[in-house]
Amino acid sequence: MKLIIHRGTHEIGGTCIRIATDRTSVLFDAGLPLSPDSEKLSPQALEADAVVISHPHQDHCGLLDVLPDSMPVHIGQVGKRLLDATRLFLRRQPLRNTFSYFQAWQPFMVGDIKITPYLVDHSAADAYAFLIESDNRRVIYSGDFRAHGRKSVLFDSMIDNPMRDIDVLLMEGTMMQRDNADFPTEQSVENAIADILSSQRNISFLISSSQNIDRIVSAYRACLRTGKTLVIDIYSAWVLEQLLLVTSGVPTIDWKSIKVAFDKPKADVLMDQVNRGLFGSFIDRAIRNRIKVTELTSNPERYLMLSKISGGRFISRFVRDNQPVNVIYSQWQGYLNGEEGESRHIPLIRAMRAGNSPGVVFTYAHTSGHATITDLQRFAGAVSAKKLIPVHTEHGHLYSTYFKNVVPLNDGEHIEL
């Protein structure tokens, strides 16, 4: 068995890993890089018999667009639905690859490589680690994972019943130089949101990803605790709808204290699809639970509204000097500190954070989707692999400080197992 990390040994995001035998070559993730300075992958690096996607974040699956249509893609079914939802509302064509859906803890074969997906706790729904076996060798690719979210039982299970006789552990290290001290768990984020809502006199906005399901659950629970209503846009509502395939425990538009706001661009997309016979009963239910801007402005103190960085101009409509708007930033701060070219709206949100927008109270409340060093140590210790290779990290050189049997690689290097 041969292993090559095409990208990810010295950066977070853009992950692309190849595991190959004499007969079969499989890519694990094909991600878009987060850094504009990242090296572009060659066409040869993306040639394989199949690609296996760990979860539907762009830094792990964003290169699906450039893979040949003939390449099979293996992914969780909910993950595929979330990819489809994003493409739908961005008016992008569906991917034309042949998709196969794997299930948690159920092995499948790609050629002579056996792959077992392990459902993990992460800020993305339907996220997996993989046990990869061939030629009497056993490799774990951790994907992105954590131990402090609402699905922490999945991490506990892997610690209590670890995979054994592992030759190589490819383990992410996003949090090697970060900590979760202010918000150590998803529950702590919920508590912070609830504290803000309990005393609000104007509307609150939560800037977060629509696909961070745990965060939406935290927001919803905070609303229930404080008697507020969570307002989501139609895209977020459709994302939540996809989770019904695997769980009834995630809030949807039919639940108490949830309303749907239709902005015009997304409403236009929605109607286009309705005219094509898509969405089924969803559109009727969404319209039944729709809230108009006039309702938000007449009683703003009743609502928490999910927003994006691009929502700054809409947020500004509610600003009143004597009744501040709460803006709760609940994402990685790197997005806010990034290049302004990423979004023309970022400067407005930055001004709110800096206190340059009177009538706005800006608060940070976020916990990472990635494991802390302590939890990485617990995982690595339970697995006890013969070799541990850093991936999805900017600090691979620090692994030897915290872990045993570390074998650092550079992008493009290969090792024989």
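Reply: What follows is a set of questions and answers on salt bridges and on backbone angles.

The model is predicted, so that local features need pLDDT of at least 70 and side-chain atom pairs count only at pLDDT 80 or more, whereas totals for chains, interfaces and linings use all residues. Residues are numbered from 1 along each chain as its sequence is written, and side-chain values use heavy atoms, with hydrogens and water left out.

Me: How many salt bridges does the structure hold?

Reply: Side chains of opposite charge can pair when their charged atoms come close. A salt bridge is taken here as a side-chain nitrogen of Lys or Arg within 4 Å of a carboxyl oxygen of Asp or Glu. By that criterion, the number of salt bridges in the structure is 17.

Me: Which residue forms a salt bridge with Arg 92?

Reply: Arg 92 lies in the loop between helix 2 and strand 6 (99-102), and its partner sits in the loop between helix 1 and strand 5, so the pair ties together parts that are 27 residues apart in sequence. Helices (H or I, at least four residues) and strands (E, at least two) are DSSP runs, numbered from the N terminus. The closest N and O atoms of the pair are 2.4 Å apart, and the partner of Arg 92 is Asp 65.

Me: Is Arg 87, which also meets Asp 65 in a salt bridge, buried or exposed?

Reply: The side chains of Arg 87 and Asp 65 meet at 2.8 Å, N to O, with Arg 87 in helix 2 (residues 77-89) and Asp 65 in the loop between helix 1 (58-61) and strand 5 (73-76). Buried means under 20% relative accessible area, exposed over 50% and partly exposed in between, with a 1.4 Å probe and protein chains only. Asp 65, at 37%, counts as partly exposed, whereas Arg 87 has a relative accessible area of 11% and is therefore buried.

Me: How many residues apart in sequence are the parts tied together by Asp 233 and Lys 308?

Reply: The side chains of Asp 233 and Lys 308 meet in a salt bridge of 3.7 Å, N to O. Asp 233 lies in strand 13 (residues 229-233) and Lys 308 in the loop between strand 15 (303-307) and helix 10 (312-316), so the parts that the pair ties together are apart in sequence by 75 residues.

Me: What is the relative accessible area of Asp 126?

Reply: Asp 126 is found in the loop between strand 8 (113-119) and strand 9 (128-134), and its phi is near 60 degrees, a positive value in a residue other than glycine. Asp 126 is buried, because its relative accessible area is 14%.
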